[in-house]
Amino acid sequence: MKALAARRHHRFAPVVLLLLALLVTGGVYAAFAPTPANAETASTEDIETGQKLFQANCATCHGPNAEGSSTAPSLVGVGAAAVDFQVSTGRMPMQMNGPQAIAKPPQFDEEQTGQLAAYVASLGAGPAIPTDEQVDAELGDPSSGASLFRTNCAMCHNAVGAGGALSEGKFAPPLWDTSERNIYQAMLTGPQSMPVFNDATVTPEEKRDIIAYLDEQRDGSAGGLTLGSLGPVSEGLWAWIVGMGLLIGAAVWIGAKSS
Amino acid sequence: MSSNGNAPTTRAGKAADYLDQRTSVGSAVKEFARKVFPDHWSFLLGEIALYSFIILIITGVFLTMFFVPSMALVEYHGPPATMDGQLMSDAFASTLHTSFEVRGGLLMRQIHHWAALIFMAAIVTHMMRVFFTGAFRKPRELNWLVGTLLMILGLLAGFSGYSLPDDVLSGNGLRITDGVVKSIPLIGSYLSYFIFGGEFPGDDIIPRLFTVHIFLIPGLILALVALHLFFVVLHKHTQYPGGGRTDKNVVGYPLFPVYTAKAGGFFFIVFGILALMGATMAINNVWSYGPFDPSPVSAGAQPDWYMLFLEGSLRLMPGGAEFVMWGDWTVSLNVLIPAVVVPGILFTFLFVYPFLEAAVTKDKREHHVLDRPRNVPVRTGLGVAFLTAFIILALAGSNDLIATHFHMSINTITWVFRVLIFVGPWFGFWITKRICLGLQRKDRELVLHGHETGRIVRFANGEYIEVHRPLDEQERWLRVNYSAHTPLEVEPATDSRGVRRKGYAQDKRMQRLSRFFYEDRIEPVTPAELAAAHSHGEHDAIAGGEHVEITSGAAVGGGRDLVEPDAENDGPPRH
Amino acid sequence: MSDYKNPRSPESSHREVGHREEHGTLERFPDPGMPEHQSRMSDRDPKAAKRAERQVVLLFMVSILGTIASLIFYFAFRPDGTTAGVRTSTLSLGLAMAFALLGIGLGAVHWAKALMSDHEKVDERHAIASDAETRQGAIAELTAGADDANIGRRGVLKGAMISALALFPLTIAVPLVSSVGGDWNVSKLKHTMWEPGTRLAIDPSGRPIKAADVTIGSVVHIIPDVEAAERETHEWITEKSKAIVLLVRLDPRDLKADQSPAGETWSYDGIVAFSKVCTHVGCPVALYEQQTHHLLCPCHQSTFDVADGAKVVFGPAKRPLPQLPITVDDEGYLVAQSDFHEPIGPSFWERLK
């Protein structure tokens, strides 16, 4: 099989790709909670395709064998989870050098992302892509998640995950639109400025609790419009704009002569 | 409604008679019922503050029914799901209970908090109105002091209430307070123990703040509000300049019925708007921050808006100012300057300004007609400089949010504000003073030459001239009815026998200050100047030789202007 | 209180320094008096007045309907503890209340503006100061009173009274001050509960942590390892306020300084532990940037370089974060070598004493 694939790579590649694409779209839940190829389950073919994609798109900075360069880190041993996070959120490949890589529409589809991940995972052992069960908010405890989030995450990402500033133009992004899988992967791999929360310091169950807490935030606030959940500054701004605006408007009406 | 002679027959009459025989309320009603209040929207700003305070009391009483001011730790079971099973203080647990299980509880909490923000915003805008129109001048200096005290009490009321739910955000606010208190030389640590009943946070601070928040400060505010309003009644309200409005009268509508309806109605409008805000806009969702725990902190850790200037001041100060002095005593100037000296300077300015201005003006008369801000350029400039400093500090206190929303580096923003806090107020003063002087010149122009009408007239000699319409006497009165103060004159340093007199240096200092205030000034137009302007135009026209046709034409203007004939204008005769 | 009289009088002038009279005209413009009264639509047109009246009635009706709606919503939406349920209850009760209030407010103001007399009235002002006669009378009364009491001639009595008044607050102040600050033992600020051999545990779970569990680039929020029951007391919260630590593992080659002043090693294989309490005003410093090794305080942006002994690189703090000397025990758990070697947190006057 391996030999076959290697020999007929060129001829059958489009067919294989098409079949895989059909399989992926065939799975109903795939669009909702996709599970790209894992390092363990990835075929040699995936790894080879991944290597080609890597060399065409990533090697300029990360080096032809992902050994890293002066501008970009080595990817040996970062694991499939790191690649899946960076590529599926569009952070990699980077468009230009800046304080930090910005999330944007991903450049690769899920399959290609999986192939890239499989390739990098083949270079050295690293964290794997989490399973659906590991990131299922329904199974987590939002209360435990709240207290974990408070201690480990809120100082950068804000109390409800609205994001916040770091030094020198870097920032911790808002988490509301981040997929559960990506949240898990970010904790596990510590992308860019973010530190690593490995499974010893924050256990997989605790990570799921944190996902459950963030999931609760998608309901908005019991108090009404959240005003960005940015805390007292935005509340003060709205008090002046809406509150004082309406009140002074009313005062002007009261003080004006009737026509 | 008198008791002697004809006895009352109606029910209301009998009740009034009963009351009057025991309270002599009749004379009070006679005195106050038809008291006149001038009408202007800016006179309602103080009312917004008063009404927010009443709403704070109403909603506050509701909240005290359910709030437990205790730091005893409990394991909470109840909504929301994100708090179920956590260890927290009674204060925090009862706040959750009020918000999620008491009907209307969250609404009352949100109205209370919005009302607190509006209370301070209304006080600040009211103070701005009083400052920029010169309403603090004699005889109202003492009432300005009462008002400034009320503003400071408002800050303290807000801060103590903000800390009551015992959440992470306000807990970190208290921790910063503790850090600031500890920086005070000599007594810092003891003062910290005094406040917290021992080490931070201890288990006393919430009950103590509760007493301060619901008893001590509201009591003081009520007493000072009563004094503030007593002064308003005693002095009668100020009024804006205009025809018929003088320092000897007050023009407006009677308290009963017009002002009773307008002011009473406004209370309900303020309450209604705050209810609208409380219903639709979430504020201080403490369950997002979680119960106080000394380890966590969240991004966007800021106080309510009126304390942001202190936060910004702390953020801007470079750390180098801390030092250890002789004897191994630590002096934290990096905290003392921004957290104690800066607010000290700001509040001192507010407290002394009325007396400073009176001293450099040597003005002993009562003032009841307000100034137009442009007519006192230096005061207006100083006010703008003060506001600029306040706003820059508040923005500096929000630098992390500015960084994320405008994609800038927080370090760069901090450096920009470090420069702006010195340059901004100066620039604000300079540009405002220029603008005021410019507006005064514009007023002079208008009075002397009238409105541009946009109507162009061509003369036989081919010259085009725009027709100007003179101001009616009300418009003109508004622009000429002020006095441009002149700098103080001081007696010479030595008397006639060459003996140096005492107090000369002090007088000289005062004179310098007075020059700063009144060196640049624009005098109002006098009737003589107006007459001269018109006849001057005529002279010009004749002397210039080329406008002969104008003078013999339909109208004569000042300079190159042409004034439209106007029957109502009582200026010099034209033609 | 008559209706308006024209105060066209020269003393209404504000003017201090007048111009010399020129061209024989007035020194300053005269007050033109009140502008002419403009009548309102409702004064001119009885239909408009009727319409305004109906509008006021309608507004009061809106208020009544708002109150009724509020009562209906009270029964209709029971807050069930869910976010959406509480939001619906808050929104419906609040909007109904706003209508009830705004109906009254707008109605009353509209009534005043459109239907009550809009003729301005004039009150005279009088000087605030009392006249000379009253003042003399007041002084006479005071003098008479002082004479009655003979205050002037009884100096000792006066002194005794003032002393008594000045001293009596001590009866309240002394007991208060003695207890209000707890035990007043401010030396507690200089010590924390870290002792030699205390294990480092993860906040908030309280699990002790092994050196092997910490990977390079990871950050762990640390508390001292104590019994779970002890962590549910107030004493614990106060102790925790001083004892919180941030644990970071760096590539040992990145560490610029981790040696104590005496030369002992305070780190373990690239793992360093620093007090989490900011040396500025005490916020928990917790924003660790893995790539730059910078630690940022979210409250005032003091930035510390973890690779270089947590020295300040930006912001209002002056001193580095105190370092907790750590090592591992026989089982591989991280433990403290000792307490911090200096007081943690913000500076205070007797900090170095």
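The pLDDT is the predictor's confidence in each residue, on a scale from 0 to 100. In this predicted model, chain C averages a pLDDT of 89, and 92% of its residues score at least 70. Residues 1–24 of chain C fall below 50, yet this stretch has 45 contacts in the model beyond near neighbours in sequence, two residues being in contact if their C-beta atoms, placed from the backbone, lie within 7 Å. The model scores ipTM 0.90 and pTM 0.90. Because the model is predicted, local features need pLDDT of at least 70 and side-chain atom pairs count only at pLDDT 80 or more, whereas totals for chains, interfaces and linings use all residues. Residues are numbered from 1 along each chain as its sequence is written, and chains are lettered from A and ligands numbered from 1 in the order in which they are written.

Chain A has eleven helices and two strands; helices (H or I, at least four residues) and strands (E, at least two) are DSSP runs, numbered from the N terminus. Along the sequence these elements follow the pattern α-α-α-α-α-α-α-α-β-β-α-α-α. Of the 259 residues of chain A, 49% count as buried. A residue is buried if 20 or more other C-beta atoms lie within 10 Å of its own, exposed if 12 or fewer, and partly exposed in between, with C-beta atoms placed from the backbone. Among contacts in chain A with a separation of 6 or more, 70% are accounted for by residues 24 or more positions apart. UniProt, in an unreviewed entry, assigns residues 45–218 of chain A to "domain: Cytochrome c"; UniProt positions are given in the numbering used here, feature names are shortened, and annotations may be inferred rather than shown by experiment. This span is 46% helix and 2% strand, and its end C-alpha atoms lie 39 Å apart.

Chain B contains 20 helices and nine strands, and its C-alpha trace spans about 95 × 85 × 65 Å along the principal axes. Buried residues make up 50% of its 575 residues. The unreviewed UniProt entry lists residues 242–438 of chain B as "domain: Cytochrome b/b6 C-terminal region profile"; the span is 63% helix and 7% strand, with end C-alpha atoms 21 Å apart. The feature "transmembrane region" is placed by UniProt (unreviewed entry) at several spans of chain B, including residues 144–164 and 255–283. Residues 144–164 of chain B are 95% helix and 0% strand, with end C-alpha atoms 30 Å apart. For residues 255–283 of chain B the corresponding values are 90% helix, 0% strand and 37 Å.

Helix α6 (residues 141–163) of chain B has 23 residues, which at 1.5 Å a residue should span 33 Å; its end C-alpha atoms are 34 Å apart, so the two values agree. The expected span is 1.5 Å times one less than the number of residues in the helix. Buried residues of α6(B) include B:Trp144, B:Leu150, B:Phe159 and B:Tyr162, together with B:Gly147, B:Gly154, B:Gly158 and B:Gly161. Among the elements that cover these buried residues are α5 (105–132), α7 (168–182), α9 (205–235) and α13 (333–361) of chain B.

The contact between chains B and C takes 105 residues from chain B and 97 residues from chain C. On the chain B side, helix α10 (residues 255–280) gives the largest share, 16 residues. The residues of this side divide into 52 nonpolar, 35 polar and 18 charged; Ala, Val, Leu, Ile, Met, Phe, Trp, Tyr, Cys and Pro count as nonpolar, Asp, Glu, Lys and Arg as charged, and the others, Gly among them, as polar. Strand β4 (residues 249–254) of chain B and strand β1 (residues 121–124) of chain C run antiparallel and are joined by four bridges, strands being paired if DSSP finds at least two bridges between them. Within this pairing, B:Val250 has C:Asp123 as its bridge partner.

Chain C also touches chain A, with 34 residues of chain C in contact with 28 residues of chain A. The largest share of the chain C side, nine residues, comes from α3(C).

Within chain C, five of the five residues of strand β5 (residues 271–275) are buried, so this strand is largely enclosed by the rest of the structure. C:Ile271, C:Ala273 and C:Ser275 point one way from β5(C), and C:Val272 and C:Phe274 the other way. Five bridges join β5(C) to strand β4 (residues 245–249) of chain C in an antiparallel arrangement, with C:Leu246 opposite C:Phe274.
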